[in-house]
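Open the model in your viewer and keep the selection tool ready. The tour makes a few stops, each with something to select.

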Amino acid sequence: MSRARRADAGASVPHVADSHDVIRVHGARENNLKDVSVDIPKRRLTVFTGVSGSGKSSLVFATIAAESQRLINETYSAFVQGFMPTQARPEVDVLDGLTTAIVVDQQRMGADPRSTVGTATDANAMLRILFSRLGEPRIGSPSAFAFNVASVRASGAITVEKGAKKTVKATFNRTGGMCTRCEGRGAVSDIDLTQLYDDTKSLAEGAFTIPGWKSDSFWTVRVYAESGLLDPNKPIREFTEKEMQDFLHHEPVKVKVEGVNLTYEGLIPKIQKSFLSKDREAMQPHIRDFVDRAVTFTTCSECDGTRLSATARSSKIKKLSIADACAMEIRDLAEWVRGLREPSVGPLLTALQHTLDSFVEIGLGYLALDRPAGTLSGGEAQRVKMIRHLGSSLTDVTYVFDEPTIGLHPHDIERMNDLLLRLRDKGNTVLVVEHKPETIAIADHVVDLGPGAGTQGGTVCFEGTVDGLRKSGTVTGRHFDDRASLKAAVRRPTGMLEIRGASAHNLRDIDVDIPLGVLTVVTGVAGSGKSSLVHGSIPAGEGVVSIDQGPIRSSRRSNPATYTGLLDPIRKAFAKANGVKPALFSANSEGACPECNGIGVIYTDLGMMASVSTPCEECEGKRFQASVLEYELGGRDISEVLAMSVAQAEELFGSGEASTPAAHRILTRLADVGLGYLSLGQPLTTLSGGERQRLKLATHMGEKGGVYVLDEPTAGLHLADVEQLMGLLDRLVESGKSVVVVEHHQAVMAHADWIIDLGPGAGHDGGRIVFQGTPAELVAARSTLTGEHLAEYVGG
């Protein structure tokens, strides 16, 4: 009896374990954070808001998620940690109440040519097992259906060391599904030899026309001319058949050139290794132009782009091969799998069905499993990463999302919100960095950072409920209920860009006229064919500047000055003013501090522990030699210029002694896109997604063209930044340019002069023009999903 009374009495007192109901952050100083302290409720949906560059990602990803993952890594043995990426403890005084963090970011998936939607989500692995069990005729194990696995045959003698050594004969066979011609890529590259050399010249006369191949280079030109395999004085067109074979296709072999051992190999494999194995976007512009001229990619004729061998395609289930299954839209494939009734593979069918249904549920049913992963947009890639977490039995996990609504039509945002709430309702903590008011509105808790960006941000301006945010007076609070209104009058087009018979991807042989001299917005649900129309059908070439969603490739040595080309005119101006070489003013060249090699910090590798970085004592973090810093321009040395903000540098190089028109033009473009606060020398790795997007936009604005094509330029932008972007688009149009924007943001739609709406659905339900006209006509008609949401937005 007394024991029961004690139990009852104890039931009214909260258990001590229930007191750990917040993630407590105190004194966070990562990147631009200024001693930020917040309490984030667990098992709730918390949204982090603020202008682009205000410190949201620094708090959520670089502090909370990074520390959670670092602590988990420390639970493994030192041996295992040696194979894992090492992470330093974030700059924070106290970080309590952490749970396991699962990060779902918006980084594009790897652009490996063999990576597809199916391989990225394990759906292909399950399909391979299914076909190996049920496919007729039977051709082998799951690897026989894998386009990443080549067939291997070997035989010979092996020595078995078991008791007395014994030599036995052995054979080994592995059947793979890789197409032998394209090696599982689905496409083959053809090289235009006329772009590599002038066959009327000899090697001694400088026949090569490849960028960077200078006549005195040991590693390129001279190894061919002095290898002894070719006649350097004979014009290439007069080579015999054997000489041509040696010139173009010879296997790697050691040769001596002036006593130096070098490797000689055929020109085609050398070009493939030195140019085609690299990421095209990471190439310098002149190298990229050369590759675009010299190389063409065509669908493999042997496998018809399926990547699979004929044997792998011959095995079928209900008249369907694995290649056919991977080419189907996932929602159709899900129905096909649902129709299979085979108890022998019941658990496999259940798991595969769940994965495919998750694609449909998350709004990606229009994709196919053979879609290359590198072609997915940032929003699509993020949702693909979410699939493995849907239906997970884990609870009390912290899910961290980076703008999950990027690339989503307003119609799809509702579905994404439901998924976020479902994760929360299972007992998880959900942290979301977001700008869209539709997602901020469903938050249980809001943390607003700012008040500005960069050095002007990094503080908590508001913490509380959504209603409290509305009344707070912060930048986000003031703009939260902003709604753009329809234009009273739209611009008249000056001409038309005709597109006829567009059939890329899911487009249904459509004809459309894109008006010139105005702001045209292309809309439609995700997967309706917008990018296929704009990037696949608008003729590329002179006069068209295309700015896609591709990420900026960056390293700790790259910064806004190097990425935009701003540093070149600045270096030349310093050199001219001081009578020295421009290379002295590059931290990656002759002017670099010899101690830190121009990085500004010294990294100490501690094995499986986090590397330690300390400011270089020689240059005090300035990255340049002391002698270089003696040279000045306009009273500033080169390190002081790189420490300046864009706005300060714009003033410095705009007039006076340091006037440099070429640099001033680039700085003006950076200021136009709202990056006036950014430091010229700030590493690109520290920039937010929105800052990178605008930096890319500013760089492309310098290209000469009459038609600008932009793919979702509002990605990563705060409500206040969207207004500035629309002002920039207006200035482009008023300067005589034609601007075509693929966009989901209703404010940009309302601001357009002309709207082209694709749909009505995604995948094979899309690919049609469902509306063309002014925004006012779209709102009045309400005939499409876009029209309904835009009418609701503007209150029409």
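Axes here are lines fitted to C-alpha atoms, for helices over the stretch in contact, and the angle between two of them runs from 0 to 180 degrees between N-to-C directions. Keep in mind that this is a predicted model.

**Stop one: a helix pair.** Select residues 330–338, helix α12, and residues 346–361, helix α13; their axes come within 9 Å and cross at roughly 155°. Angles over 145 degrees count as roughly antiparallel, so α12 is roughly antiparallel to α13. The crossing of α12 past α13 is left-handed. Now show side chains: on the α12 side the contacts involve Ile330, Arg331, Leu333, Ala334, Val337 and Arg338, and among their partners in α13 are Leu349, Leu352 and Phe359.

**Stop two: the cores.** Select Phe653, Leu680 and Val739, the residues with the most contacts inside the largest nonpolar core, which has 69 residues. Helix α26, residues 719–734, supplies the largest share of this core, seven residues. A second, separate core has 66 residues, including Ile322, Leu352, Val466 and Ala526. Return to Phe653 and show its surroundings: Ile570, Leu633 and His664 are among the residues that Phe653 touches.

**Stop three: a threonine in a loop.** Select Thr474, in the loop between α17 (466–470) and α18 (475–479). Is Thr474 buried or exposed? Thr474 has a relative accessible area of 10%, so this residue is buried. The Thr474 side chain makes a polar contact of 2.8 Å with the side chain of Asp448. A polar atom of the Thr474 side chain also lies 3.1 Å from the backbone nitrogen of Gly477.

Methods
Residues numbered from 1 in each chain as written. Predicted model: local features only at pLDDT ≥ 70, side-chain atom pairs only at ≥ 80, totals over all residues. Heavy atoms only, no water. Helix = DSSP H or I, 4+ residues; strand = E, 2+ residues; numbered from the N terminus. Buried < 20%, exposed > 50% of the residue type's maximum accessible area, 1.4 Å probe, protein only. Polar contact = N/O pair within 3.5 Å; in protein donor to acceptor, adjacent residues only side chain to side chain. Core = buried A, V, L, I, M, F, W, Y, C linked by side-chain atoms within 4.5 Å. Contact = heavy atoms within 4.5 Å. Parallel < 35°, antiparallel > 145°, perpendicular 65-115°, else oblique. Left-handed = near helix turned anticlockwise from the far one by under 90°. Lists of a residue's contacts leave out its neighbours within four places in sequence.
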